Amino acid sequence: MRRYIALLAALACVAPAACSDSEPGRGTPTPTSPVTEASAAQPAPLAYDPPRSFDTTNRLGLGSVPRGYLHASKDGVYAVHALETTHIAATNPAEAEVRDPVTARAVRTFSFDAIPNKPEQVRFVELDGELQLIAAYRFDQQGAGTADDQQFLRVRRYSFSDGTVRWSVDVSLPSVAALGNVFVTGVTDQHVVLSARERGTPGAEISRNSVAVVLDAATGAKRWIRERFIPYAVHGDVIVGTTPKPDRSEEQNRVEARHARTGAVVWRFAGYNIDRGDEFGYPVGDRLVQVNTRRPGDSLSSQVFTAHLVDIATGKTVIKLEHDHSFACVHDRASLIVCHVELSQNPTIAAYDATSYKGLWVLNARTPGRTVPRMLVAYHGLVYVGLGGGTLLRPDRAATLDGQTGADANPDLGFVPDQVGPGYAVGYADEGLSLYRAKS
């Protein structure tokens, strides 16, 4: 399958009113023509995988998308999302522009004039052997006469090949105004898992205003809907999430897994103690989910954090780490799991085998003769890290570490990558998003 970059060129909504959809039925994708014969006939560069060095003199501009962020699916299809910015040019329509990573030319544009721009609401996935797009958003339908207004979650599956809507469903939501934040939690060949909820803020308690929705990936048929369940990972027929404690209750919030077809509880995470909205779990690769905990009874000022990497199918913890700050763990989409802590007097990077979960190496403040870099990307056996000064999000330069040993590989890439793929990388700088081709 040809690998593409998908660029969400929309800008954020300025106000909640600009994000409403009073006319259900709008939002038809507008496909562009495929690449021309001439551009398609250009010889493709060698797809160095993983790329170790890059041609930094011939970068390809992808547009000045403010604060561009990237999300990658397991098959190498990259979706670049524009997040909220203070430089608002327009609120609607939203567009997803798909580009060829060899030429940076657009090969298809999807237009969603009815979908407010939130990056979690659009996801590119591979289903039935081809690239698909899942889009979801909430809209309100005004009641006539004395009839109450109604809230719906609209979910659509678009075919990448011709831009047509494969299916579109409207799911009735509880009348809770805070459910405006929609997340496409996960998509498999069997299930589409979504969450409509009140967005948590750092330090705030997990919101009880939440709804989980599970649909059949092939038809869009509703499998089940459940209030007060916040899903954040799916593998096979198992969905992991948090069930917030009832209001004014002394109970703990529960991390638990539910069956994607029936909604029945599969397992519960024993001893999990969490009550803050900035500590949701999240997937690490396809098979694991990370949940961060404090010890029971610890206050928010506690300096002991534990990261549990849990097998989604069984609920078993396979990697457990403790630190004075919370670890963030990523999968390199091949053989590595890399966990890192940056905001600490003891910054740490630790690597594990993604199959056996055996520890491979640790780099921290106690490692003699070495500076602990900032973790950027882990991809196919290489760890891309930031060095030098700069800001927290944008270091001055980048390098690579060998994923098996932690040893220095390339000491200076010449730019700072945000995402890496076979034969190329994408980085964001003052001039916007740029595509860099690999040369080794």
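The largest nonpolar core has 21 residues, and Leu 153, Val 155, Val 192, Leu 194 and Leu 215 touch the most other members. Strands S7 (122-127), S8 (130-141), S9 (150-159), S10 (165-173), S11 (181-187), S12 (191-197) and S13 (210-216) each give two or more residues to this core. S10 gives the largest share, four residues. A nonpolar core is a set of buried Ala, Val, Leu, Ile, Met, Phe, Trp, Tyr and Cys residues joined through side-chain atoms within 4.5 Å. Strands (E, at least two residues) are DSSP runs, numbered from the N terminus.

This is a predicted model: local features need pLDDT of at least 70, side-chain atom pairs count only at pLDDT 80 or more, and totals for chains, interfaces and linings use all residues. Residues are numbered from 1 along each chain as its sequence is written, and side-chain values use heavy atoms, leaving out hydrogens and water.

Val 155 touches residues including Trp 167, Val 169, Leu 194 and Leu 215, not counting residues up to four places away in sequence. Contact means heavy atoms within 4.5 Å.

Arg 154 lies in strand S9. Its side chain makes a polar contact (N or O atoms within 3.5 Å, one able to donate a hydrogen and the other to accept it; sequence neighbours count only if both atoms are side-chain atoms) with the side chain of Asp 170, at 2.7 Å.

The structure holds one disulfide (cysteine sulfur atoms within 2.5 Å). Cys 329 is joined to Cys 339, S to S 2.1 Å. The link is right-handed, with 110° about the S-S bond. Cys 329 lies in strand S23 and Cys 339 in strand S24, so the pair ties together parts ten residues apart in sequence.

Terms used
Buried < 20%, exposed > 50% of the residue type's maximum accessible area, 1.4 Å probe, protein only.
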